[in-house]
Amino acid sequence: MNMTLHTLNQEALGALLAQLGREAMAHRFRVAPNPCVGAAVLAGGEVVAKGFHERWGGPHAEIEALAAAEASGVPPQEWDTLVVTLEPCSTHGKTPPCVEAIVAAGIRTVVVGALDPNPLHRGRGLRFLEAAGLTVHVIQGFSRLEEICPYFLRWTSDERVRRPRPWVIAKWAQTMTGQMSPPEEVGEGRWISSPESLEQVLHLRSQVDAIVTGVGTVLHDDPRLTVRLPAKTDHPPARIVLDAWLRTPTDCNLFAPPAPGEVAGPVTILCLPGSNPVRWRALEAAGAQVEAVRGEDRMHLRLLDVQTYLWQAGHRRVLLEAGPTLLRNYLEGGMVDQIRLVTGPVRGGSGPSLADWLREARLKQTEMGECGPDSVLDAFLSVDF
Ligand SMILES: NC(=O)c1ccc[n+]([C@@H]2O[C@H](COP(=O)([O-])OP(=O)(O)OC[C@H]3O[C@@H](n4cnc5c(N)ncnc54)[C@H](OP(=O)(O)O)[C@@H]3O)[C@@H](O)[C@H]2O)c1
């Protein structure tokens with residue numbers, strides 16, 4: 001007997017899908033370019049547990065909902081229906097296929113709010129479930145991807161797939177007047193944001209494949225670009241320095257051994273072909289991989305070629321932690337998909353500001369928040385792929 005059809009009408013399921021979609025959106029900046037998805041396990045028409053895709057590379061919503069149902073104390077024999085805003089995946093990605101977990105859980109009915117937009121995957125998950133004997137209902141219009149995760153539709157569009165490049169998150173800090181460097185007497189002339197925001201950055205680093213910076217930041221700030229406690233990861237992000245003329249010092253902190261509780265990804269330095277071979281060898285001896293990228297753009301590295309390099313190296317989600325020179329070129333080149341802007345409670349400061357760029361930027365799904373004493377703006381950019 002199909003309990004769902006007896007106990008829940010289409011309207012109630014639609015309302016549940018809409019609610020799951022709204023709640024899933026709270027995680028959008030942590031999962032992009034993956035879609036934000038919500039799922040619920042039902043027993044006799046009642047919601048037993050909900051789950052959401054909460055971080056990039058982490059468990060999908062269906063898996064989280066099944067785990068929460070397990071923890072709820074309601075016996076699995078009573079779970080009859082799984083409601084999910086997007087068709088469950090049927091392929092091995094960063095996680096195993098959700099359809100297998102749904103079948104293994106003994107669920108009999110699956111209600112789906114939207115089909116997978118990728119033509120290669122569309123309908124595959126549903127066919128797998130039906131072949132395993134489950135009943136599948138598609139109720140479209142309540143958890144529309146255009147509203148919940150339009151960035152995902154652009155990311156899976158033919159245009160983007162034809163020109164592959166990583167998803168780029170630009171993160172920077174500014175003073176209250178928009179400067180990217182604090183006054184000399186504040187934060188050793190380097191830190192604008194609070195320890196709370198710096199901790200958030202460590203978590204963000206743990207959820208990307210690579211961190212990109214410019215040699216200007218290496219020379220001025222000497223950053224480590226590592227993941228440190230309380231953030232953790234088994235896959236520390238690669239550290240990539242854009243350094244056309246190999247000015248990176250061989251004794252900089254990027255080459256320091258990680259401290260206890262710290263993990264450090266490999267260092268790659270991207271330069272122009274024909275850069276000084278002595279510097280090249282010295283940086284390799286210090287522990288870096290040095291790679292030449294083809295193009296040149298007003299004497300800097302050409303960012304389109306950098307993006308191609310990153311994609312070909314397998315980096316899909318990338319964090320840009322750079323100074324104003326590289327940041328502006330990335331932003332104005334239309335190569336940033338998502339921003340995180342932290343404004344610290346610091347007056348004045350020096351150096352260039354990106355305030356003019358911000359005034360004109362086409363920000364989408366903007367969210368304002370607080371982190372300690374800092375204000376934080378997260379947003380997607382309307383990028384034309
Ligand atoms: N507030 C923040 O969030 C934040 C973050 C980081 C740094 N900073 C501050 O920024 C200052 C350093 O600024 P910066 O602008 O020199 O640092 P940057 O933007 O990190 O590095 C700039 C350098 O990157 C290299 N580069 C390679 N390809 C490039 C391209 N296509 N476009 C632009 N640059 C390219 C260039 O050197 P080559 O031509 O030699 O390759 C360029 O001089 C420091 O004061 C630091 O404290 C602030």
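How many bridges join strand 8 to strand 10, and do these strands run parallel or antiparallel? There are 5 bridges between strand 8, residues 210–214, and strand 10, residues 238–242, and the strands run parallel. Within that pairing, Ala-210 has Ala-238 in strand 10 as its bridge partner. Before I go on, please keep in mind that this is a predicted model.

The two strands belong to an open sheet of 9 strands, and the order is 13-12-10-8-16-6-17-20-19. Pairing in that sheet is mixed. At its edges are strand 13, residues 289–292, and strand 19, residues 363–371, each of which pairs on one side only. On average, neighbouring strands here are turned by 20° against each other, with direction ignored.

Thr-81 stands opposite Thr-109 of strand 4.

Next, the loop residue. Thr-175 is located in the loop between strand 6 and strand 7, the latter being residues 179–181. Is Thr-175 buried or exposed? Its relative accessibility is 0%, so Thr-175 counts as buried. The side chain of Thr-175 also reaches the backbone oxygen of Gly-348, at 2.6 Å.

On to helix 10, residues 195–205. Which of its residues are buried? They are Ser-197, Val-201, Leu-202, Leu-204 and Arg-205. These residues cover an arc of only 160° around the axis, and therefore lie on the same side of helix 10. As background, an α-helix has 3.6 residues a turn, so residues three or four places apart point the same way.

Tyr-151 and Phe-380 make a tilted pair, with 4.5 Å centre to centre and 35° between the planes. This pair links distant parts of the chain, since Tyr-151 is in helix 8 (residues 150–155) and Phe-380 is in strand 20 (residues 374–381), 229 residues apart. Tyr-151 and Phe-380 are both buried.

Why is the pair of Trp-172 and Trp-357 edge-to-face? The ring centres are 6.2 Å apart and the planes stand at 70°, so the pair falls in that class, for which the angle has to be over 60 degrees. This pair, too, links distant parts of the chain: Trp-172 sits in strand 6 (residues 167–174) and Trp-357 in helix 15 (residues 355–360), 185 residues apart. Both Trp-172 and Trp-357 are buried.

Tyr-151 and Phe-380 come up again in an aromatic cluster, together with Phe-29, Trp-155 and Trp-167. Trp-155 of that cluster has the charged end of Arg-160 over its ring, 3.6 Å from the ring centre. Elsewhere, Arg-316 lies over the face of Trp-311, at 3.6 Å from the centre of the ring.

That is the end of my list. I will take questions now.

Key: Residues numbered from 1 in each chain as written. Predicted model: local features only at pLDDT ≥ 70, side-chain atom pairs only at ≥ 80, totals over all residues. Heavy atoms only, no water. Buried < 20%, exposed > 50% of the residue type's maximum accessible area, 1.4 Å probe, protein only. Helix = DSSP H or I, 4+ residues; strand = E, 2+ residues; numbered from the N terminus. Arc of directions from axis to C-beta. Phe/Tyr/Trp six-rings, centres within 6.5 Å; stacked < 30°, edge-to-face > 60°. Lys NZ or Arg CZ within 6 Å of the ring centre and 35° of its normal. Pairing = 2+ DSSP bridges. Axes fitted to C-alpha atoms, helices over the stretch in contact; angles between N-to-C directions. Polar contact = N/O pair within 3.5 Å; in protein donor to acceptor, adjacent residues only side chain to side chain.
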